[in-house]
Structures are given as structure tokens and as C-alpha cells.
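Hi,

Here is the two-chain model I promised to pass on to you.

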Amino acid sequence: MKLLLVEDDRELRVTLREALAVEGYDVLTAASLADARAQLAHAGPIDAVLLDLGLPDGDGEELLQALRRERSTPLIVISARQVEGQKIRLLDAGADDYLVKPFGIGELLARLRVALRHRGTVAQPALTLYRRAGLEVDLAAHRVKRDGADVRLTPTEFKLLARLVRQAGQVVTHRRLLADVWGPDDTEQTHYLRLYMAQLRAKLEADPAEPRVLLTEPGVGYRIAEPG
Amino acid sequence: MPLRTVTPFLPWIAIGSLTGLAWAGWRLRGAWASLRAAQRAAQLERAQREFGDLMRDAERPEAHAHELLKALESLAGLPVAAVLRPSAGEQELVFGEPDANALAGLKLCADCGRALGPGTDHHAGEPDLYLPLRGRDAALGAVTLRGIGTEALAPDQFAHAQALCDQMGLALQRRRVQDEARQAGELAQVQSTRNAMLAAISHDYRTPLATIMGSASSLQTQGERLTPAQRKELADRIVDETARLTRLTDNTLQLARLGAPGVAALRCDWESAEEIVGAALRRVRRRPDGERVKARIDPELPLLWCDAALMSQLLDNLVDNALKYSPAEATVELVVRRVGEEALFAVRDRGPGIDPAWRERVFDAFQRGDLAAFAQRPSGAGVGLAVCRAIAEAQGGVLSLRPRGHGGCSFEFRLPLRAAPELPEAPI
């Protein structure tokens with residue numbers, strides 16, 4: 001697995017590179033936008049990109065846009081900027097995930113695993129059978145079970161659940177969920193989401209007040225927990 | 001006193017030189033004229049003194065512009081207009097009804113600080129006379145006597161008019177100086193509060209930094225002599241204290257953002273209390289003591305209009321404080337329910353409670369700029385509670401502290417409810 005790590009701070013770059021190398025990743029590094037562009041153009045196939053935003057010669061966001069015009073290489077933003085609006089914009093622009101500095105290596109590895117699992121699978125779901133905490137979602141058969149018993153979902157509930165499962169482990173923004181489930185005219189109706197997520201949790205979670213599967217990312221979107 | 005009462009004396013001289021009677025008459029007239037002149041001078045002087053007194057005591061001299069205009073109008077029998085510049089940055093104040101031409105003249109006169117128009121050395125051919133309101137080193141406005149033409153003021157009247165104008169100018173200047181002194185004082189106050197806040201922030205940063213430094217340097221210098229369990233404990237402590245520093249940084253930034261002038265951009269939306277609390281619980285459960293938190297949410301709560309990220313920060317801070325400052329085994333309750341037209345979020349602990357004298361101050365102890373008081377503040381009264389209150393108020397809510405019956409605190413956030421939006425036709 002070959003990764004490109006774009007980070008201008010030397011200490012953090014070295015720390016992350018070593019930690020990732022211990023996990024068996026082959027890590028290329030870049031300290032600027034120009035550096036990163038050169039690596040992407042000449043280093044052959046790259047499996048995933050870790051991208052810092054504040055780079056000395058520009059904003060990492062430019063690289064995300066340029067990359068997304070050509071390929072669907074998984075990309076995780078690592079940024080010191082804790083701004084919900086920006087997080088949403090980058091996720092909508094095609095970032096697979098957004099980690100705010102400082103983060104633990106465990107968290108980075110988990111997000112990276114998820115992003116790599118979804119790589120190249122924009123059209124086709126990475127998995128059609130989702131299992132976690134007694135919940136089983138079979139996308140192909142349109143069937144949902146909890147602790148082995150069939151659960152009846154309305155068509156909208158199923159569409160919403162299926163959309164989250166397609167990106168299991170990754171946050172899906174409100175706007176994206178609304179566009180994909182209700183249509184492009186309803187992207188502002190976040191209260192629909194609140195209602196349907198509450199219904200889904202009531203049917204699928206052991207304790208809807210403390211969900212383990214259908215997780216909320218406050219102000220950003222929802223995430224269905226990684227399968228397993 | 002109208003200008004045109006100036007008596008033409010010359011004919012009397014001619015007649016008076018012919019006869020003794022006329023001579024006596026002339027003497028009489030002369031005396032009469034000197035008397036009149038003395039009277040007029042006294043009158044002008046009195047008027048000046050009175051206006052001077054008024055200006056001396058005036059807190060806002062510009063409020064007396066109409067008195068100045070009236071005095072000049074009765075002196076010249078002409079319409080008067082004025083421009084005043086009471087403070088350096090602000091807009092000019094215009095009095096009377098100057099047309100565009102007169103306004104330009106007033107500005108020019110105020111800018112150059114010299115009298116312009118008939119009877120002066122500048123623009124003597126103009127029909128209007130312009131007099132500057134002179135302060136100590138610059139003019140702070142000007143007046144114009146409209147259409148005075150060739151019948152310029154008599155020298156004593158001219159001097160009188162200029163003296164009145166200068167009294168206004170000096171008063172305006174005095175006010176400017178006072179304003180500037182007050183602003184400088186306020187700025188110094190802000191500066192000293194900010195310095196105290198910076199001192200308080202760095203104090204709060206030092207505690208976790210000290211733990212990190214201690215643990216990391218122990219690993220660095222004693223690493224080989226430590227057992228694996230000891231090494232893990234030190235590493236865990238570094239991670240925990242880094243998380244604490246991160247929260248402190250987030251809080252400091254948020255406080256700066258919400259405290260900045262202008263309305264901070266909130267990202268309000270229809271949010272579910274259950275989801276906000278669910279996400280907060282998920283975060284707190286990662287802590288070793290996170291299981292102590294018990295949540296109860298009223299299932300009938302409607303959707304809330306609020307900023308989910310801010311709400312998360314508010315709950316995280318309150319729960320963190322409650323866990324940190326209460327006994328290791330005690331439960332921390334997180335309760336959300338409807339009270340009238342408000343949603344009530346309460347975080348309740350069984351800690352030592354807070355002294356009544358501090359119940360209100362605990363939210364701004366950090367911002368007071370009083371370092372002695374800051375050193376004696378109750379536990380937890382740092383940037384965390386200050387940002388909680390700022391978050392509560394930014395969303396139109398209220399954060400308060402209530403002592404609990406059998407010891408401990410209840411931090412309570414009340415958020416006004418709004419009429420919830422229409423939902424799609426269910427079930428779909």
C-alpha cells in the first residue's frame with residue numbers, strides 16, 4: 001500500500017511517516033502543494049492521500065479539487081482547522097474523511113482502513129452485507145435483521161440506511177444524504193433527517209438514546225459504525 | 001444690535017463748528033455717542049461672557065450651536081449657518097441651511113482656519129463672510145454670515161463675532177481632548193483585562209503541560225528502568241493531558257470568536273436533543289470514568305433550533321467539569337426536559353458545591369482581569385465555564401448554576417423553544 005502524506009510541519013510529518021511505516025505502509029511525503037503535485041504525477045499509482053490544508057504555497061483544498069477531477073484515490077484531510085463549515089465543504093468536494101489535529105494514531109489508522117476499503121467503489125457499494133452489534137443489512141436482498149429477526153422498514157428508512165451502509169465507517173453530510181434520499185430539491189430539510197434517523201434508531205438500536213451503530217456527527221452529518 | 005445703528009457723525013461736526021449751541025450740542029452728541037459706544041461694548045462683552053460661561057460648562061458644546069447662531073444673527077441681522085467638527089473621526093454637524101456653495105465655503109474655512117469674505121484678506125469679493133471656530137491649534141468648524149456683501153462688520157463687531165466663534169471652537173477642542181482621554185482610558189482597561197486573561201490562560205495551560213513534560217521526560221531519561229506497565233501509564237497520561245490541552249485550545253478560540261465584535265456566525269439548524277446528547281455520551285464513554293454519566297432525556301421534546309457544534313462543546317465542558325470535580329464513584333446526571341417554553345439541559349454533580357459568593361462570578365472569573373481573585377477561584381472556573389456561558393448566550397439561552405439539595409451543583413442551560421417546521425407526510 002502506497003500513501004502520499006502531504007504535511008509541511010517536519011516533526012509531524014516524520015512522526016506520522018514512522019507510525020504508518022510500522023503498520024506496513026509505504027509512505028511518500030511532500031511538504032508543499034508543488035511537491036505533492038510532482039509526486040502524484042510521477043510516483044506511479046498511489047493508494048491514498050493524507051492532506052494537510054495550510055501549506056506554504058497554497059491551500060490543500062486545491063489539490064483535492066485537482067485530484068478529484070482525475071481520480072477517486074481515497075483522500076483524508078488532516079487539518080488544525082476546527083471549522084464545521086469547512087469540514088462539510090471538503091467532504092462534499094470529495095474528501096473521504098476529515099481529521100482535526102491533534103489526533104491519535106489509532107484514529108488515523110482506523111479512518112485510513114475505512115477509506116481504503118471504499119477505494120474505487122463510488123459506483124458500486126464496497127459491501128452489500130453489513131453486520132454490526134446484532135444488526136444485519138443485506139442491500140442486495142433489501143433485508144434488515146436485528147438479532148436474527150426481520151425488521152420492517154419504510155422505503156425511505158431503507159434508502160437512508162442503505163446510503164449510510166454504502167459508506168460504512170465514513171461520515172455522510174446532511175446535504176448529501178438529503179440529496180441522495182429525498183432528491184436535490186430537499187437539501188435544506190435537515191429536520192427530515194432528524195425524524196427518520198430517530199425512527200431508524202428506534203427500530204435498530206438497543207438503546208436509541210445512546211446509539212452504537214447509527215452515529216451523529218454534530219453539525220456535519222451521520223455515520224454508520226464500521227462493520228464488525 | 002443691528003449693524004445699521006452706526007450713527008453718521010460727520011454732519012454734526014459741520015453744524016457744531018458754527019454756533020456755541022451747536023458746539024454744546026456737538027459735545028452732547030459726542031458724549032452721547034461715546035456713551036452709546038461704551039454701552040455697546042459693554043453689551044458685547046456681556047454677551048461674550050455669558051456665551052463663554054455656557055461653553056465652559058457645556059459637556060456637549062455642539063448642543064449649543066443654535067445659541068451661537070442666534071447671537072450672530074442678531075448681531076448682523078443676517079441668516080447664519082455653521083459646520084461643527086466635534087470629534088476627529090466623526091461626521092460634521094451642519095446647522096442653519098447652507099446651500100452647496102456655502103457648505104463648501106464652510107469646509108474650506110474650517111480647513112484653513114482663517115476668516116474668508118468681505119472685510120478679510122481672503123475672497124474679499126464674495127458676498128458671504130466665513131469665520132472659523134478656532135481651537136488651540138486648528139479650527140473645529142466654521143460659521144457663515146450669508147449675504148453680508150460690502151457692508152462688512154464694524155471692527156468691534158467683527159472681533160466680537162470671532163470671539164464668540166472661538167469660544168465654541170475652544171469648547172469643542174476641550175471636548176475632543178476629554179473624549180480622547182476617555183478613549184485612552186478605556187483602551188488601557190481593555191489592555192489590562194486582556195493581559196490578565198492571557199496570564200490566566202497561560203496559567204491554565206501550564207498544568208497539563210507540566211504533566212506532559214514530566215511524563216515524557218521520565219520516559220526519555222528513565223525509560224529502561226521503568227516496567228512496561230509504568231511506561232504505559234506515562235504514555236496514557238501524555239495522551240490524556242494532550243486531550244485536555246486540545247479542549248482548552250478549542251475553548252479559548254471559541255471564546256475569542258464569540259467575544260469578537262459583531263455577531264459570530266452560528267450554524268443553527270433543527271437539532272434533536274437526543275442526538276446531541278447521544279453524541280456527547282459517545283465522546284465521554286471513551287474516558288475511563290465516562291461510565292459515571294447517566295443521561296435522561298424527555299422523549300416528548302420537540303426539535304431545537306441551535307448550533308450542534310456549540311451545543312456539543314457546551315455539554316462536553318459541563319460534563320468534563322462535573323466528572324473532574326466530584327468524587328470518583330459519584331454519578332453525574334445529564335438531564336434534558338421541557339420546562340414551559342424552554343428546553344432545559346442540566347448537568348448535575350455531587351462535588352463540593354460552589355460558595356454562594358461565587359455562584360454568579362464563576363462564569364466570568366477567568367475574564368475579570370483580577371488576578372488575585374482568579375487565583376482563589378473555585379475549581380473549574382476557568383475558560384471552560386466562560387465559553388459555556390458565551391455559547392449559551394449566543395444561542396439566545398441562559399446558563400446558570402443551582403446548588404443541589406444534598407450537595408453538589410446543577411449547571412442548567414435553558415434554550416427557548418421555537419415552532420418546529422413542517423414534516424413530510426409520514427410514513428414514506
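Predicted model: local features only at pLDDT ≥ 70, side-chain atom pairs only at ≥ 80, totals over all residues.

Residues are numbered from 1 along each chain as its sequence is written, while chains are lettered from A and ligands numbered from 1 in the order in which they are written.

Chain A comes in two pieces, domain 1 (2–117) and domain 2 (129–224), with bounds from an automatic or database domain assignment. Their C-alpha centres lie 28 Å apart. Each side puts eight residues into the contact between them, where contact is C-beta atoms, placed from the backbone, within 7 Å. On the domain 1 side, α4(A) gives the most, with five residues. By class, that side has three nonpolar, no polar and five charged residues. (Ala, Val, Leu, Ile, Met, Phe, Trp, Tyr, Cys and Pro count as nonpolar, Asp, Glu, Lys and Arg as charged, and the others, Gly among them, as polar.) Element names follow DSSP runs numbered from the N terminus: helices are H or I with at least four residues, strands E with at least two.

Now the sheets in chain A. Five strands make an open parallel sheet in the order β2-β1-β3-β6-β7; a pair of strands needs at least two DSSP bridges. β2 (26–30) and β7 (97–100) of chain A are at the edges with a single partner strand each, so each has one side without a neighbour in the sheet. From one strand to the next the twist averages 20 degrees. Inside this sheet, β1 (residues 2–6) and β3 (residues 48–52) of chain A pair in the parallel sense over four bridges, and A:Val6 has A:Leu51 as its bridge partner in β3(A). Helix α3 (residues 60–70) of chain A lies across β1, β3 and β6 (75–79), running at about 155 degrees to β3(A). For angles like these, axes are lines fitted to C-alpha atoms, for helices over the stretch in contact, and the values run from 0 to 180 degrees between N-to-C directions.

The other open sheet I looked at has three strands, in the order β12-β14-β13 of chain A, with antiparallel pairing. Here β12 (171–173) and β13 are the edge strands, each with a single partner, so one side of each has no neighbour in the sheet. The twist averages 30 degrees from one strand to the next. β12(A) and β14 (residues 221–224) of chain A pair over three bridges, and A:Val171 stands opposite A:Arg223.

Two backbone details in chain A are worth a look. The peptide bond from A:Lys101 to A:Pro102 is cis, with omega near -5 degrees; A:Pro102 sits in the loop between β7 and α5 (105–117) of chain A. A:Asp147, a residue other than glycine, has a positive phi near 50 degrees, in the loop between β10 (143–146) and β11 (149–150) of chain A.

On to chain B. How far apart are the end C-alpha atoms of helix α5 (residues 155–222) of chain B? They are 96 Å apart, which agrees with the 100 Å that its 68 residues should span at 1.5 Å a residue; the expected span is 1.5 Å times one less than the number of residues. α5(B) bends by about 30 degrees at B:Arg206, with B:Pro208 following within four residues. (Bend means the angle between axes fitted to the seven residues ending there and the seven starting there.)

Also in chain B, β10 (residues 398–403) and β11 (residues 409–416) pair in the antiparallel sense over six bridges, and B:Val398 has B:Arg414 as its bridge partner. Their hairpin has five residues between the strands, and B:Gly407 takes a positive phi near 100 degrees.

Finally, where the chains meet: the contact takes 21 residues from chain A and 28 residues from chain B. α8(A) brings the largest share of the chain A side, six residues. By class, that side has nine nonpolar, nine polar and three charged residues.

Cheers

Notes: Contact = placed C-beta atoms within 7 Å.
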